[in-house]
Amino acid sequence: MSEKDVKGDVNNITRRKFFLFFGWFGILSSLAGSAFGAVRFMFPNVLYEPSTTFKIGKPSDYPPNTVTFVQDNRLFVVRGKDGIEGIRIISSICTHMGCTPKWVEAKNQWECPCHGSVFNIKGEVIAGPAPKPLPWYKTTVAPDGKIVVDSKNYVKPDYQIKV
Amino acid sequence: MKKKNTIADLLFNNRFWKSVFRHDYPDNDLSRSEAMTSNLFLHIQSVKVHTNTIRPGYTLGLGLISFYLFIILTITGVLLMFYYIPSIERAYNDMKDLEFAVSYGIILRNLHRWGAHGMVAFVFFHMCRVFYTGGYKQPREFNWGIGIVLLILTLFLSLTGYLLPWDQLAFWAITIVANLIGTSPPESILGASLRYIVVGGREVGQNALIRFYVMHVIVLPLVAAVLIGVHFWRIRKDGGISRPAEE
Amino acid sequence: MDKKPEVVIFPKNPSKTYGLMELIRTRSFQIEKGPDNTVTSWPHLLFREMILFMFVFIVLMIISILFNAPLEEQANPSNTPNPAKSPWYFLGLQEMLSWAHPFWGGIFAPTVVTIILILAPYFDRSQKGVGVWFAPERKIANLLFTILVVLAVGLIVIGEFFRGPNWQLFWPWNMPSPH
């Protein structure tokens, strides 16, 4: 064996390490890329869900001093309760696990059947495991006189539309 | 072997049978071991087992019962798939059809539902048996871990399964599960994306149903089947079912 | 011609120090009783397994013929049943959900219990009492596990029999009928 071969061996080892590094880098990065793609694939980009802004009829549909459940949009229309005269909209989706609390007129509160959360007329939690109060939705009146609810915009409990 | 004119001889002593089962009827040690080693499905078990293994009072057959329920669930589940369509408009009506319009449909659905309840119970009982007999200890600690994972898989299979009829139970269970996952901290980042990926959107609906369906009929059963295979194989590799030390 | 050639079945190999001496016809001392208290899987194990399968299948079939699987009303997003109960095996989880922030009862606690269970054999390393039901040498481990089992079963029993409308506690004999 000549001196050149020995030197070549030394060079080969570094070259081998170099290729080993790039081999592993290639395998791992392609695995990571595939995994990222697969996870990203599971997040849909287009949703065919109802709009979060919708109309729920005219203020005159809701008599004074009542709490009305609107099934299709999963909210309560509160009119003239808690000393506030106007119409206010509160979510009917329990902040705990998403069940629908029931309005109990006699006790002036909402009670959730799933895990026993209770909300007072301000939407605040007064019993049970719910972590947050029921949100009040931002509400406006459209030119045609109908109530427009924006269920992505939360407001304070005293936010109202005058009737 | 000399030919005798009996029905058994006609059935078992011909070229076709011999091509499938290459050994004689297992009535001596050699053919008994061949019966086990030459069969793909039996060879996961050893040729000989300790007498403690076949003592009914020791294992109570709990693990095997769980496995049998899994087999029954797989077969009935595949049959149910022929009539069930995972669509929020049709799923509930398909349940009613299975009950009233499909021959023996209700029996298959009952077998599948009660079998699932039984599997949850028996996997749990099996875990208790293994713990109370000390079977989880070295060298079986890895197999014990696989067993725990199989228990959780069983629970997830049940969960994804009872969502499919799209009745009130199903809808509110999906809703609760989705919101529960959504509380993983940090809620606004991890919880929200986990909820989005599980529900397949913001509201519980068609996307959620098809996701749970795919998990229930292929992803989870496949993972469970593989792990069950490993679980059985490890029993052998860890020296058979646990037994008292011999003097 | 009259002398028969001797047939050598197993010729002696001069390069080896051993050879076949004689073949005799007798029973092996291992027939029907293997070493170390074992029996052949066929038929002792397999027949028991087959009988157990038939038993499981028959019992399940009888249950399925006698009782119909539950099916509630069609899904209705605007009306939550009261009380909304999961199947029995999740009632313990549902019970914990109703106590505190859902993350702790619904995700954190089950995950911790699972991890503890998986890691148990790495901490409990004594080999005493293996293979014996309720071995007295394993009192502490058995006690801890029993606490876990009693908690799990107890929560399920509370959820199934003691929780009524609005997830409030009732005695089973005072339970209001669902509406």
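## Confidence in chain B

Chain B has a mean pLDDT of 92, with 98% of its residues at 70 or more. The model is predicted. Among the elements of chain B, the lowest mean pLDDT, 85, belongs to helix α1 (residues 7-12). The highest, 97, belongs to helix α5 (residues 62-81) of chain B.

## Interface of chain B and chain C

Chain B contributes 79 residues to its contact with chain C, and chain C contributes 76 residues. About 7300 Å² is buried between chain B and chain C, and carbon and sulfur atoms give 68% of that area. On the chain B side, the residues that lose the most area to chain C are Trp114(B), Tyr132(B) and Gln168(B). Together these three account for 11% of what the chain B side buries.

The salt-bridge count between chain B and chain C is one. The pair is formed by Lys137(B) and Asp124(C), and the closest N and O atoms are 2.9 Å apart.

## Interface of chain B and chain A

Chain B also touches chain A, with 16 residues of chain B in contact with 16 residues of chain A. The area buried between chain B and chain A is about 1300 Å², and 65% of it comes from carbon and sulfur atoms. Trp172(B), Ile176(B) and Tyr196(B) provide 35% of the area that chain B buries against chain A, more than any other three residues.

## Domains of chain A

The domain assignment divides chain A into domain 1, covering 1-48, and domain 2, covering 53-155. The centres of domain 1 and domain 2 of chain A, taken over C-alpha atoms, are separated by 57 Å.

## Sheet of chain A

Chain A has an open sheet of six strands with antiparallel pairing, in the order β1-β10-β9-β4-β3-β2. Its edge strands are β1 (53-55) and β2 (66-70) of chain A, each of which pairs on one side only. On average, neighbouring strands of this sheet are turned by 30° against each other, direction ignored.

In general, strands of a sheet pair through backbone hydrogen bonds, in either a parallel or an antiparallel arrangement. In chain A, β1 pairs with strand β10 (residues 147-155) in the antiparallel sense, over three bridges. Phe54(A) has Val149(A) as its bridge partner in β10(A).

Definitions and conventions. Residues are numbered from 1 along each chain as its sequence is written. Chains are lettered from A and ligands numbered from 1 in the order in which they are written. This is a predicted model: local features need pLDDT of at least 70, side-chain atom pairs count only at pLDDT 80 or more; totals for chains, interfaces and linings use all residues. Side-chain values use heavy atoms; hydrogens and water are left out. Two strands pair if DSSP finds at least two bridges between them. Helices (H or I, at least four residues) and strands (E, at least two) are DSSP runs, numbered from the N terminus. Axes are lines fitted to C-alpha atoms, for helices over the stretch in contact, and angles run from 0 to 180 degrees between N-to-C directions. Domain bounds come from an automatic or database domain assignment. pLDDT is the predictor's confidence in each residue, from 0 to 100. Contact means heavy atoms within 4.5 Å. Buried area is the accessible area (1.4 Å probe) that two parts lose on being put together, summed over both. A salt bridge is a side-chain nitrogen of Lys or Arg within 4 Å of a carboxyl oxygen of Asp or Glu.
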